[in-house]
Amino acid sequence: MSGGGTSGRAREAAEVLGAVPVVTPATGVVGPAAGPRMLGLPVEGDVAAVSRALLDGEAVALCAEVTWPLPPVPVAGEGAYTLRLTDRLVEPRAGEAVLRPPSLVVGVGASKGVPVDELLALIEAALRDAGLSATSLAHLATGDAKAEEPGIVEAARRLGVPLVAHGSGELARVEVPHPSDAPLAAVGTPSVAEAAALVGGGELLVPKRKSERADGRPARATCAVVRRPATPGMSYRTPHGRTTTDPADTNTRTRTRTRTRTPMRAESEGSMHDLRHHGDAEVRDDGSALVDLAVNVRSGTPPAWLREHITKSVAGLAAYPDGRAARAAVAERHGLPVERVLLTAGAAEAFVLLARTLKVRRPVVVHPQFTEPEAALRDAGHTVDRVLLREEDGFRLDPDAVPEAADLVVIGNPTNPTSVLHPAADIARLARPGRTLVVDEAFLDAVPGEREALAGRTDVPGLVVLRSLTKTWGLAGLRIGYVLAGPETIELLTRAQPLWPVSTPALAAAEACVGPGALAEAAEAARRVAADRSRLLTGLEEFADRGVRAVEGARGPFVLFRLPHAAAVRERLRALGFAVRRGDTFPGLDQRWLRVAVRDRGTTDAFLEALGRALDGG
């Protein structure tokens, strides 16, 4: 900082930025915050501009993609400058400083004599492919039996992080998605890499991954990456060298002192879940012969009358599709003018159109929910914030949890995968002038009476409702859905669509599925789903003494439940002939969760019997 009576301001800036005050001649140097650390964390990007803005009292927004302690710092909901707290690989924007919290733990396992270069190549590839920054690596973790392995010790040294070793008994108690007999026989635990990474809890971002050798011989190293939780008891080193530490953990031996930071909690959270994993992956290839409880398409569909109607439309394939009649039918079904309706190739296309056309600065997706909206936004170059609904609240929406600065909010209702039906009034509270509120109602026609629907409402500012015809009518392979929104939004999305985006058979299906007869059939189907869901939930309750807990208040055609050793149970269910949906690819959930589609009584009873056997171990 320049001189001339500015030492006080230097001390003030240092206090704000977590830096050591340095006074220099008037040369335009901003000060120590322009160096490699800010607020006690590694930093990159437009550090000088953000530091100056903080010092001058300008509005600086905090965009926290992970939860991590920070010192008190004056930030605003929005501003021309941004402090971005993330462990993801991102390119800092103009006016943005990226803070790197030590939030990642890499668990490693290795054969005796593993070369350090093989192990480092594995770790670097795992982080890079997951879009994670090595600067956020807190430590390597392994088992006691591998703590002296030269390749592992040297890898930690080169990465500049501690190596933390855990006893085999401690590792054996950690539930992992990919247990193996080999490490169990060798070191007494079914997992080293995943278990070591997960010892302190957290979110598994990269499951066990093996190294690759140029000569094609077996891998000699494995690794897994976890985002560890930030806890108030963490130790921190201040910029002035003062250190506080946690009490020693008697089960853990630390080879080098852990890096430390200084405390404030950021509120938003992000992760590297597999956003492109969907239920259909469970029934492809060798899963095609399984009973499908992974996909939420109503069984026994499409009905015969609809198949015949679609088949007749094939006679018109020589002509280009004309969507006017289908569009008018959808508009009539919801009591809207046609200018408020856009037909799409399924709801997935609508998410892509919205992501590519809306000019938004701070999109927020409410999770857990269908992951395609966030994937589409990220693909379009947006930085997405998440609001994670909590299990202890029944995964119910708290409108006040959504940041006021969000100019796009996406939520499902009923929400996939939780099956929670949010009150329409709570969702409507999210609307604001200047904000687009996207509500995915793909499963609302499976709710008796379509309670809590916002489709057809024109009094909610910025409302965009997405509907799908693929779930109730069994048309996932045909791709048909629609958007209900203000005429300006519909016009914007229409310009982004290619010509003739919906095929003639899909248009025929859309027109048929919104007619009076079809709506009556859908209503009856919704009542049957409710009865079948009740039987499924009752059956799951019988396993409560074995740790099975279903999300309460399910209203959709699927049920989410957690259970011990869910990954292993899922594999046993496959062996018994049933495909269920893993839950750990949904932000806000982890490997303890499974989702199952509601089916008829006979299928449900057979599944419950298989679940009992799977819980028994086979």
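Arg333 is partly exposed, with a relative accessible area of 22%. Partly exposed sits between buried, under 20% relative accessible area, and exposed, over 50% (1.4 Å probe, protein chains only). This is a predicted model: local features need pLDDT of at least 70, side-chain atom pairs count only at pLDDT 80 or more, and totals for chains, interfaces and linings use all residues. Residues are numbered from 1 along each chain as its sequence is written, and side-chain values use heavy atoms, with hydrogens and water left out.

Arg333 forms a salt bridge with Glu450, and the closest N and O atoms are 2.8 Å apart. A salt bridge here is a side-chain nitrogen of Lys or Arg within 4 Å of a carboxyl oxygen of Asp or Glu. Arg333 lies in helix 9 (residues 324-334) and Glu450 in the loop between strand 19 (436-440) and strand 20, so the pair ties together parts that are 117 residues apart in sequence. Helices (H or I, at least four residues) and strands (E, at least two) are DSSP runs, numbered from the N terminus.

On a 1 Å grid over the protein atoms alone, a cavity is a set of points where a 1.4 Å probe fits but cannot get out; lining residues have an atom within 4 Å of a point. The whole structure holds 8 cavities of 30 Å³ or more. Grid points are joined across faces, edges and corners, and the volume is the space filled by probe spheres set on the points.

A search of the whole structure finds 41 of them. One joins Glu374 to Arg378, at 2.7 Å from N to O. Both residues lie in helix 11 (residues 372-379), 4 residues apart, about one turn of the helix. An α-helix has 3.6 residues a turn, so residues three or four places apart point the same way. Glu374 is buried, at 0% relative accessible area. Arg378 is partly exposed, at 22%.

Another bridge links Arg546 and Asp616, with the closest N and O atoms 2.2 Å apart. Arg546 lies in the loop between helix 16 and strand 22 (549-550) and Asp616 in helix 18 (residues 601-616), so the pair ties together parts that are 70 residues apart in sequence. Arg546 is partly exposed at 30%, and Asp616 is exposed at 61%. Elsewhere, salt bridges that share partners join Glu282, Asp286, Arg570, Glu571 and Arg574 into one network.

Now helix 10 (residues 346-357). Its 12 residues should span 16 Å, and the end C-alpha atoms are 17 Å apart, which agrees. The expected span is 1.5 Å times one less than the number of residues. Helix 10 is mostly covered, with 9 of its 12 residues buried. Among them are Glu349, Phe351, Leu353 and Leu354.

Last, Ser299. This residue sits in the loop between strand 14 (291-292) and helix 8 (304-313). Ser299 is partly exposed, at 41% relative accessibility. Ser299 and Thr472 are 173 residues apart in sequence, yet 8.7 Å apart in space, C-alpha to C-alpha.

Conventions. 1 Å grid on protein atoms, 1.4 Å probe; cavity = no way out; pocket = protein on both sides within 12 Å on 5 of 7 lines; lining within 4 Å.
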